[in-house]
Amino acid sequence: MYVLKHGMVHTGNGDAPFPADLRIADGRIQEIGRGLVCPEAEEIDLAGKDIFPGCIDPVCYMGCLNLQSIYKDHNERKGMILPELRAEDSFSAEELVYQQLYKRGITAVGISTGGRNPVSGRMMACCTAGSSIKDMKLPGTAPLRGNFLQSTYVLSRQDAPYPLVRGSALQSVVRILQSVRKEMDAGKELAEWMLPFRELLTGEVPLMAAVEKEAEIRTLLERMKELPVRLILFGAYEAAPFAEELIEKQIPVVLGDMASGSGKMYRKVELEKLVDGVKKGLVLAVSAAGIQENAGRDTFFWNLAELRKNGLSEEEAVTVAAKNPAKILGIEKETGTLEIGKRADLTVFTGHPFVNRTAVPEAVWIQGKPVWLREKRCGRGLAV
Amino acid sequence: MRLLIKGAVVYTMAEQGVVHADVLVQDGKIIAVAPGIAPEQEDQILHAEGMYLLPGLMDGHVHLGLMDMESGEISETTAPVTPDMEIEYSVDFASKDFTYCMKEGITSVCIIPGSSNIIGGKGIVVKTNCAEGKKEILNSYACMKAAMGGNPQSAFGRRGKAPATRMEILRQFRAYLEAVRLFTESGEREITSAYRRSELLAGVPVLEGKVPIKIHCTRHDMAAVMQVLKDFPVKYTLDHAWGTAPYVDQIAEAGCGVMFGPAGCYRGLGEGREIDFRDVRSLYEKGVEVAMISDAPLLSPESIIYEAGEAVSAGVPVEEALKMITLYPARWTGCEERIGSIEPGKDADLVLFNGLPARDVHARVMYTIISGNIVYKMMIEEEAKKIC
């Protein structure tokens with residue numbers, strides 16, 4: 001049991017930061033308040049430090065890539081629409097931990113299948129430090145990953161007869177959803193292959209739909225209009241013109257990596273409009289992953305800085321970095337904000353990292369345990 | 001007409017350091033940096049109170065504006081050593097890439113050939129207002145591009161050609177420099193090697209220490225190439241320079257520059273295994289001049305600001321980190337006399353931010369000035385009013 005004393009608490013809910021103590025036991029935050037006393041707990045003095053919920057990158061290929069091999073584990077080639085596949089079956093804890101995301105303050109990710117199939121598989125939320133999937137997987141309903149953009153077609157035409165264009169990729173998925181819905185409406189017993197689609201239609205599982213161009217986003221929203229599917233847009237560089245519709249329908253947006261391949265330079269990314277959307281209720285998150293490739297942990301923060309440059313406030317940035325992605329991955333009951341009852345997934349910084357680059361992580365905690373301490377200066381005798 | 005920039009906090013990157021001062025510009029040049037400069041009647045005044053004024057940013061290692069990246073226009077791979085190739089012929093100076101740079105505060109870039117060749121040819125430095133019909137090349141021979149390691153190996157070895165190994169890469173690299181030395185010693189008359197005259201001539205200013213070699217290298221490739229270059233009186237930069245930690249002392253001793261980046265990639269297994277900004281701090285502490293590079297379009301051009309920010313997070317002082325995207329790239333591409341700092345006599349390539357880049361996360365470009373002309377301003381009405 002620990003009590004973190006005298007830190008400045010940023011809950012991630014958008015509130016103004018306030019000084020408070022945090023009592024942590026059984027991996028969770030038990031109490032938040034002033035002057036907490038608990039004789040049996042180890043006290044850690046965090047005066048002058050800032051405490052944040054751990055950041056969450058909702059889309060991450062690292063951990064199911066198989067880096068050292070030319071045979072990548074996130075893009076199956078047996079067919080095109082593969083909702084039966086699960087990213088967790090390709091998961092390598094070693095590969096994810098090797099990225100040291102936690103050292104930068106990223107405590108959870110959404111492990112994702114790749115960008116080459118219209119439906120490439122089921123994602124998995126997990127934390128970024130640990131030794132096995134057994135301890136790292138987070139409970140919750142992770143999205144199914146779909147791809148409705150031209151780069152999917154460019155990749156798939158190499159060895160698949162169909163689909164040849166993004167239109168038919170979307171059409172195939174919409175048709176399946178329509179026919180499954182018809183069966184459901186008729187009260188028929190569903191074939192096994194239909195079950196993942198039923199989960200989409202009941203809203204139990206959301207669809208993480210990768211799209212980038214304005215036309216792709218417009219078409220997706222238009223064709224999916226009649227279907228009760230919970231959409232999340234990923235990549236979504238040109239999503240700004242649809243901000244109003246996305247807010248109204250509560251469709252979250254995961255803005256993909258903008259640095260690699262000069263993504264921001266070659267696309268019409270209107271960050272000011274997106275930031276304006278956030279202020280009106282758009283659920284926005286960022287990722288270090290692009291549609292096909294993953295950048296590194298730094299780009300996650302560069303993307304956030306791009307939003308800060310365009311008017312996102314520093315506390316809104318905490319929400320975009322932690323609370324929103326938790327919601328997107330269906331793990332908001334577990335993590336994403338500093339609240340009583342949630343897992344103690346948190347970071348201690350020497351300032352506000354979304355204000356000043358001299359602020360650096362001092363300690364990173366996952367599920368109530370310190371997984372990293374800078375030069376072990378924080379607390380006494382904590383084993384890392 | 002003169003332009004007077006009033007009231008900004010000026011990061012001069014020169015002896016004056018950081019000063020609260022006015023900057024006066026005339027005929028494309030900075031003519032004064034001092035507090036309280038009195039305007040004359042005709043002067044255009046830019047009220048920059050609360051803003052930070054920096055020299056225009058520079059990226060010392062990009063492949064921007066190349067006519068067609070996908071077709072491999074970036075490297076002439078018919079031979080591994082092509083020193084007389086000039087990248088200028090492959091660049092579309094009207095490319096929107098340059099306009100984008102301008103908006104992000106980057107006023108000069110060093111465009112270089114790719115890394116498929118052991119020696120790839122000549123790089124240039126151009127101002128980024130070139131797409132506005134004002135092409136200004138600051139240095140038409142800013143560096144000689146060279147590359148070690150995996151890139152030449154795969155570009156040639158994969159096709160069953162030499163080099164297939166690092167051994168052969170360095171043998172050819174050495175052989176070329178040796179041939180230039182003999183050629184120079186003969187008064188540029190005798191050719192005793194298989195290289196053409198134009199290829200040898202390209203190497204002459206390199207061996208004279210006037211043009212630096214810009215060497216794509218990482219990890220142990222750095223150590224090997226520094227060992228070879230001990231025998232030649234050349235200036236050089238180690239570009240990319242990932243995995244520097246074991247070689248920091250050797251680099252400091254060699255007296256070369258380092259162009260670090262692009263960062264932001266995931267931790268891979270080969271050359272990109274260790275990209276660590278603590279290395280930048282170690283190099284700085286040993287007195288090595290480091291410049292940040294985006295390798296654009298590999299990374300988006302503004303990434304150099306984020307890289308400088310990473311250096312700050314790793315413990316490099318902010319002013320030093322800002323020199324890594326202004327003064328040092330200018331110095332190591334032979335442009336220091338014209339750009340890289342805010343001093344009387346230098347080109348008026350300037351950029352105003354609403355916060356201090358590399359320190360303040362929200363900092364963005366408010367004005368970009370190239371050769372004394374405002375080429376970009378952020379169009380928020382309030383801000384626009386400040387120009388009288």
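Where in chain B is the place of B:E42? B:E42 sits in the loop that links β3 (29–34) and β4 (44–47) of chain B; helices (H or I, at least four residues) and strands (E, at least two) are DSSP runs, numbered from the N terminus. This is a predicted model, in which local features need pLDDT of at least 70 and side-chain atom pairs count only at pLDDT 80 or more, while totals for chains, interfaces and linings use all residues. Residues are numbered from 1 along each chain as its sequence is written, and chains are lettered from A and ligands numbered from 1 in the order in which they are written.

B:E42 is exposed, since it has 7 other C-beta atoms within 10 Å. B:R2 lies 40 residues away from B:E42 along the chain, and 7.3 Å separate their C-alpha atoms.

Turning to chain A, its secondary structure consists of 12 helices and 17 strands. The radius of gyration of chain A is 21 Å, close to the 21 Å that the globule rule gives for 384 residues, so chain A is as compact as a globular protein of that length. The radius is taken over C-alpha atoms, and the rule is 2.2 Å times the number of residues to the power 0.38. Along the principal axes, the C-alpha atoms of chain A fill a box of roughly 65 × 45 × 40 Å. Of the 384 residues in chain A, 55% are buried. Among contacts in chain A with a separation of 6 or more, 67% are between residues 24 or more positions apart; two residues are in contact if their C-beta atoms, placed from the backbone, lie within 7 Å.

Chain A touches chain B through 28 residues, and chain B contributes 26 residues to this contact. On the side of chain A, the elements giving two or more residues are α9 (263–266) and α11 (297–309). The largest share, six residues, comes from α11(A). That side has 12 nonpolar, 11 polar and five charged residues, where Ala, Val, Leu, Ile, Met, Phe, Trp, Tyr, Cys and Pro count as nonpolar, Asp, Glu, Lys and Arg as charged, and the others, Gly among them, as polar.

Chain B is assigned domain 1 (2–54 + 346–384) and domain 2 (57–331), with bounds from an automatic or database domain assignment. Their centres, taken over C-alpha atoms, are 31 Å apart. The contact between them takes 15 residues from domain 1 of chain B and 21 residues from domain 2 of chain B. On the domain 1 side, β15 (365–370) and β16 (373–377) of chain B give two or more residues, and β15(B) gives the largest share, three residues. The residues of that side divide into 12 nonpolar, one polar and two charged.

B:L238 stands opposite B:V258 in β12(B). From β12(B), B:G257 and B:M259 point one way and B:V258 and B:F260 the other way, and all are buried.

Conventions:
A residue is buried if 20 or more other C-beta atoms lie within 10 Å of its own, exposed if 12 or fewer, and partly exposed in between; C-beta atoms are placed from the backbone. Two strands pair if DSSP finds at least two bridges between them.
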